[in-house]
Amino acid sequence: MKFGKEFASQMVPEWQEAYMDYDFLKTLLKEIHNFRQRTRPPATPRGLKRKLTLYRAFSGLTQRYNQQPIHPSPPDIEEQPILVTSVNRDGSQSYETTFLMQADDGGEYETVFFRRLDDEFNKVDKFYKLKVEEVTKEAEMLNKQMDALIAFRIKVENPQGWSWEDRSGDMTRLASDVAASTAALAASTPAGARASRRVDRMEVIEEGPSIHEESEDQDTEEKEKPVVNNLKGRKPAPLQILNHVKLNNTLETPRSTIKGFLNLPKQTELKFNRENLKKVENQLRRAFVEFYHKLRLLKSFTFLNTLAFSKIMKKYDKITSRNAAKSYMKMVDNSYLGSSEEVTKLMERVEATFIKHFANSNRSKGMMVLRPKARKQRHRITFSTGFFAGCTFALLVALILIIRARNIMGQEGRTQYMETMFPLYSLFGFIVLHMVMYAANVYLWRRYRVNYAFIFGFKRGTELGYREVLLVSFGLAALALASVLSNLDMEMDPKTMDYRTFTEIVPLILVALVFILLFLPFNILYRSSRFFFLTCLFHCICAPLYKVTLPDFFLADQLTSQVQALRSLEFYVCYYGWGDFRRRQNSCSTNDVFKTFSFIIAVVPYWSRLLQCLRRLFEEKAPEQGYNGLKYLVTIVALCLRTAYSHNKGSGWQVLAVIFSVAAAIFGTYWDLVHDWGLLHRHSKNRWLRDKLLIPQKSVYFGAMVLNILLRFAWVQTVFNFKLFALHRQTWITIVASLEIIRRGIWNFFRLENEHLNNVGKFRAFKSVPLPFNYDEVEDKDE
């Protein structure tokens, strides 16, 4: 793989604008190369061309290999092609390269190259400085959190308190002093660097003796003592910290929502018990893991950009036959980007702290948490996916052949079967189709480097790839098709026709199996993904009592496209709960209770989204959330009117259903294209689209917009009942519901693309982790 592709694949997606623009600099070098090709004198047309090595002096056959090489004299400063200087602009340090050979042919091309190279380096260096300042401030916050945690541990272990003299043995166990590792690190660090300010970040986390106990080996710590005292001289004793600390209620529950609505304080008084200690430790563990991940990405950022500058300068020297790379890379190495060790020191201290406090001094266990291994692509996943896909295709072909061979569609029980069994099995078709669309979304997100795992908040290493999603979907499809075939075979076989009741229960057995697998507590079949789905589903049901996050409202939007699947579940309850399966009769459609619940079931997903919008409107004070909630309210009215028309068939219901459905479709289409996808910007760089696009073909966006509009109006068939083909009513309902699922799959990709580009514009690559302790403002000011 070429370096340009490797460089792009290793970037942090949300920081890609901050990396060096390697491709653009390569185009500038190509311009220099093309100019030199045009102005190069023509080669000698005649004569034998010999390699330059054939004209070199003969070195002799008896030359001894231990002869000392002759070192060439260093080049004159006048022969240097560039001069790199440091300048101050607007109070910040930047670097400027002067090209000293502008009089040469093509000098203006090389001047433009170095000017753009300086812009790229200053951009990278400035961004790195900004991020280092952010992590430094975050390290100071973690320092204070660790002080409170250690004091909290002491208080839980011995609520009566200890005398200062009795702490030496137990403090070693509770406070987990890591001064030994610090001393070893300091011994291998130059004295000047040790005295610098950046070396001693997060020193408080390492619980030196100046806080928790008197040092027993003052000679060893003599060199570190002045620096430590500067940081810790005014800090209180550990147990005194608890006088200025309260617990943050970071867990979003219905109780905390009600407290927030009533403007009650979210901080609670400290209760020293092991349950609270465990919660605090878990929160700080997550904070340290996220902080360490940020440090790793920053370290990768410096390495990749330094390597990119080295590569581009080598290309420049190769094209121009100059020796400018050495001078420029010397400046890079001496800059803040190349010389700062702040991130490396912070990583070492975080590792030492995490291993000591959260991994029981087990380094392998602690590093496994800090650096989780990426999910490996196993061959058995690919094989199983292909196997189940083949089974699904074969069963589908077999089903079609059986229907045609036995002329099932022409028999008397055709209508009865379509009214009873078809709605039961169509549920699995809706689920499988939605999962296949999601698998296609995952594939495209990965291809175009959309960080969907970060956007959804998946735990690193647990997100499902498109192969895993296809495995589950094709496995479910194979089970459903096998169930349909077994049902038909038992119905047609004279020996099993007497077991009609059992044949009717086959779909119910399959649904029960799916629910058992979904709620299975064992660590099999992607347990973390299943529990993540169930958690988001519970938040959707309990809206607006939980804080609305992107996975919650994203799942609620998916459910709005699965209204027909929810009605199929309602039919399961009616068909098997009221005993219709014993007679294979559908009395549900004439039951008033069933009709009432058909309204409620259809409205539930939209009502959940409406409540989520109202919650966000209350918290964020954003008018857009109010307009979005109005969109769902209009959709609810339109859906109720269409359902009422399907039951009553009156012209008045039809007119009202058409008016509100058209209004809801226009409102929803506008919101999809403008707000969710961020398109239809007239004055953008890409006319009628947006400034940044991940897919290079603009026609894809215009085609998606047209397709979204057409699929938005698929409900027209359910209102006007066009007789396009001789299809049963249940078939048309299934087709329209499937088209809505396909529209939702298309919407998913562009919705997350827009979210990803918003994160890129704000360089937002990390989730904010709530901290457990809240310090009093008076204490913060005193410090």
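Of the protein's 783 residues, 44% count as buried (under 20% relative accessible area, with exposed over 50% and partly exposed in between; 1.4 Å probe, protein chains only). You're looking at a predicted model, where local features need pLDDT of at least 70, side-chain atom pairs count only at pLDDT 80 or more, and totals for chains, interfaces and linings use all residues. Numbering starts from 1 along each chain as its sequence is written, and side-chain values use heavy atoms, with hydrogens and water left out.

Switch to cartoon view: there are 30 helices and 5 strands, taken as DSSP runs numbered from the N terminus (helices H or I, at least four residues; strands E, at least two).

Now for the rings. The structure holds 45 aromatic pairs, meaning Phe, Tyr or Trp rings (six-membered ring for Trp) with centres within 6.5 Å; planes under 30 degrees apart are stacked, over 60 edge-to-face, the rest tilted.

Select Tyr95 and Phe121. Their rings pair edge-to-face, 5.6 Å centre to centre with 70° between the planes. Tyr95 belongs to strand β2 (residues 92-99) and Phe121 to helix α3 (residues 107-157), so this pair links distant parts of the chain, 26 residues apart. Tyr95 is buried at 10% relative accessible area, and Phe121 is buried at 0%.

Next, select Phe3, Phe7, Trp15, Tyr19, Tyr22, Phe127, Phe301, Phe763 and Phe766: ring pairs join them into a cluster.

Last stop: charges over rings (NZ of Lys or CZ of Arg within 6 Å of the ring centre and within 35 degrees of the ring normal). Pick Lys155, which lies over the face of Phe272, 5.9 Å from the ring centre. Then go to Arg744, whose charged end sits over the ring of Trp747, 4.6 Å from its centre.
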